[in-house]
Each structure stands twice: as structure tokens, then as C-alpha cells.
Amino acid sequence: MPKFTTYDGTRLAYHLRGEGEPLLCLPGGAMRASAYLGDLGGLAAHRQLVLLDLRGTGDSEIPRDPSSYRCDRQVADVEALRAHLGLDRIDLLGHSAGGNLAMLYAAAHPERVARLALITPTPWALGMPPTPEERLAAARLRKDEPWFEEAYAAYSEVLAGRPAHAGYEALIYGRWDAAAKAHAAAGEQQYNDEAADLYGCDGAFDPVTTRAALARLDAPALVLAGEWDGGPCPDLAARTAACFADGRLQVQPLAGHFPWLDDPGAFTRTVAAFLDPDVRTVTVGGLRLAYRVWGDESAPPLVLVHGRGGDSRDWEVIAGRLAATRRVYALDLRGHGLSDWPGGYSFEAFRDDLRGFLTELGLAGADLVGHSMGGAAAALLAEDEPGLIGRLVLEETPPLFPLKPPRGPAERPTGELNFDWAVVPAIDAQLNDPDPSWRGRFAAIAAPTLVVAGGPASHVDQKKLAWMASRIPDARLVTIDAGHLVHAERPAEFLGALADFGIK
């Protein structure tokens, strides 16, 4: 593993996971070796994780001066690592007690921080330590677990400062399964207890100064809390986020203090979306939707909606061209890309998410282009909200007749998917037996509409596409012989069709 020499001559180790832009990760504990972070639930697929073993932990050296274990003294270690890596600015992640070190670093070196992710931080540095009452209140959320009584009694003893037998750890995790038990057991060999006692000792924190500095921090800060965590509970996490000039709170459902173990996908999508400067998020009906934006803010808005199994990146070529004259928005529908994957999917849900997206971002009257499943959601929205959409483009949109023959069960592909496989059976069921009122209301679409057909190579019935176009009062049909993925296979012709329709 690589090492570097910090300000006092101590050799510190760090571990690399994944590839891409570096993300400096500071472990909690306090003073627990970084091994417990693992690959942060798969976050290493999006970023190169630089996992620092704090002085005296893991593979790092024990310093000559024990007082250097104090949290504020370790800020210089983080700065030395940044310089060692040759980075002008860093994205910084701190977990639990490590969140304090991350906050102190951001306060001391604000010009060096691009983005700050605080994962279930215990905000001692802000003068807001989690209280025993908050921790016990969170623990009582687990009262229906078969192990609750024993774990709660042990936890109460620990929080009162009295010795307790093992078992309270179950309350720290969102899921007390085999993985959580192994993770907890490994911790017994990962702590430096002497260092932990000194980490937050007198003089380590100056909350007034730190809060003033973070209120001026010119970098976005994500505070991610677990719904079932007590240190911090979601309320304390919200107060932590409020201390930042650009603080953002995200509460992960059914998660405890180690959210990447409780639901790796939810954790990774949330943090990856935050860390990607090209991705933004908006909350619609309690659901986090990720989206990308191109073009000048003052240009006329255009919204692009992908098909099943896709995401906002599907539109990069089209969006890049249209951004010369348009403000282009491309979202990840629920269950896709970096948006939340709630597990429940339907055309109606996609329609409602799209409605909320347009409303939350103030995009009423925007032109809208939808491909396949995304086009069906857009058509249903246009039926319900005649004034919400300017011009409407339906690219290879299923015309919502029952499929003949109906689709049978689909086999999930092997490997990781960039969408929730539960979308497939849910939407196939609706395609097999769609609500007849959907196609019966095409006449209610008031927006000027362009229906783009892919020709005989497409699996969508082209005659029924033509019928759909005939039922929409102000619609025209254009066929581009490209199959189902018209905008991807024939982008120039697709853009030409849009231009002829007035979207250019």
C-alpha cells in the first residue's frame, strides 16, 4: 500500500479502491482503521477511493507524540495527503467521527475543498454532540426486532458509561444480518483505543470558529443520515447541514450508522450523484430524482426523457447539439441511473414524477422529448395537463394497445445493471394489459406533437404508431429508418426532424 510522510515525520498509509477522480475518505471510530469502509458499497465503481489510515491506525505509523492524535492536529495530515497526491482541490468524505476531521479541514483550507460528503457525522466539531436521549430514541425505532430488549438494555448501559456485555451493536446497523455481524466483529481489531480517547479531548474543537468558517464555505456539503441512526439522528443531521452555506440533507431509509452496508445501491447512487458536478438532484414526492443540464440558463427549456433501462446519459449527443440554443434538462426516471430506486414502478408513477420534475424546477411550458417508456409517461402527462408542455416529441412511444402475443417473464441479465430490474416485469404487465382510457384520451393532448417512428426494424407496431399520431389533434408523423433507438442510431436525422418541428 502507498505511504507518505506527514508534517512531523510520521509515515501514513492509504489504500486505493477503484479508478477515476480521487475521493479522499476519512474513517471514523474514532480512530478506526480505514479497512471497515471497504469499497463504500460500490462507490469505487464511480470514483477512486483514497482511504486514509489515520496516524496510529491500520498500516500507518504510531506517532512519537500521542497528543497528535487530537482531531485538530490531524488536519495537517489531510493537507499533507492532498499535497502528496498533487491535487489542487479535493472531494472529501468523512464518516462518523471522521466527519469532524473533514469539517475542520474544510474550515482551515476552504480553497482546497471542491465537495464535502459527511456520512452519518457526529458533529462534535460544531458543538452539537449526539445526546444519549437521541440515541435511545433512535434505538426504540427497532422495538419490533426479536433481539431488541437485550440490545437496548446493553446500549442503555453503554450510554450511561457503565460496562455492558456485547449485543448493543445490533442497534447501530440498519440490518443486523451476517454482513453486519462480520463488520462489527472486525472492528474489535481495528481501533486504537488510546488514540480514540485523545481524538476529541479538550482543545480539539472550537465550535464557534468552525461554524463561522463553514457558513462561508464555497463548496456544497452533503450530510447523509440513516433513518434509524441516533448519532446523528435525522434531526441533528438537518441541523448540521444548516451550518453550511450550501448544505444538503439526505436521509437514507431503513439505514443505521453504516448506510453503505444497509443498502449499498441507495447509498452509492446518492453519494455518486452528489459528487458528480454534472449531476443535480430534485426531490419529488419524497423521491430523489437526478438530472443533467446543458446550455445557457436563459435559453428556452427542453426536457429529455429516456426509455426503459436508460438514463440521462443516453441524451448526451442530442443534448450537446441542442444546448447551443436551448437550456436542456435530462432526468433519470425513478429506478434508473442515479435517481432513487423505490421498487414500485408504473407508467402512472413515471408520469407523476415527470409532472413533479417540471413543477419543482419551474419548467411549465417547456418542450418535452420522450423516448419509448419515457414517451408514454410524457403522453399521459400531456393528456392530464394540457398547459404544462409546450411542444411534445414521442419517439418510438408504445401506443398502449395490448401486446399480441403478450410478453412472458423476462430473464434478468447477469452482472450489475444501471436500473432496477423490477421495472421490467412491472412495465411489461402494463404493456400486456394497458388501461384502455390511456389511448382513448390521445385526443386530449393539446400540445403540438411530433411522433417519430423507427421503421420496420423497430419492435414497436408502426401501424399503431401511425394510428396514435392520427388521434392527437395537432400531430405529425415522421419515420426514420433506424429501429427503436432513433436518436442514438441516427442523431443527425433525429435532430433534423426536431428542427423541422420547431425544436432547434
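Author: **The pockets and their linings**

The largest pocket is lined by 40 residues, and those nearest its centre are Gly 29, Val 158, Tyr 168, Ile 172 and Tyr 191. On a 1 Å grid over the protein atoms alone, a pocket is an open set of points where a 1.4 Å probe fits, with protein on both sides within 12 Å along at least five of seven lines; lining residues have an atom within 4 Å of a point. This is a predicted model, in which local features need pLDDT of at least 70 and side-chain atom pairs count only at pLDDT 80 or more, while totals for chains, interfaces and linings use all residues. Residues are numbered from 1 along each chain as its sequence is written, and side-chain values use heavy atoms, without hydrogens and water.

Two or more residues of the largest pocket's lining come from each of α3 (132-139), α4 (148-159), α5 (178-186) and α6 (193-199); helices are DSSP runs (H or I, at least four residues), numbered from the N terminus. This lining comprises 23 nonpolar, 10 polar and seven charged residues. Here Ala, Val, Leu, Ile, Met, Phe, Trp, Tyr, Cys and Pro count as nonpolar, Asp, Glu, Lys and Arg as charged, and the others, Gly among them, as polar.

The second largest pocket holds about 560 Å³ of space, a volume being the space filled by probe spheres set on the grid points, which are joined across faces, edges and corners. It is lined by 29 residues, with Pro 398, Arg 407, Leu 431, His 459 and Val 460 closest to its centre. Helices α14 (423-432) and α17 (486-489) each give two or more residues to this lining, which divides into 13 nonpolar, nine polar and seven charged residues.
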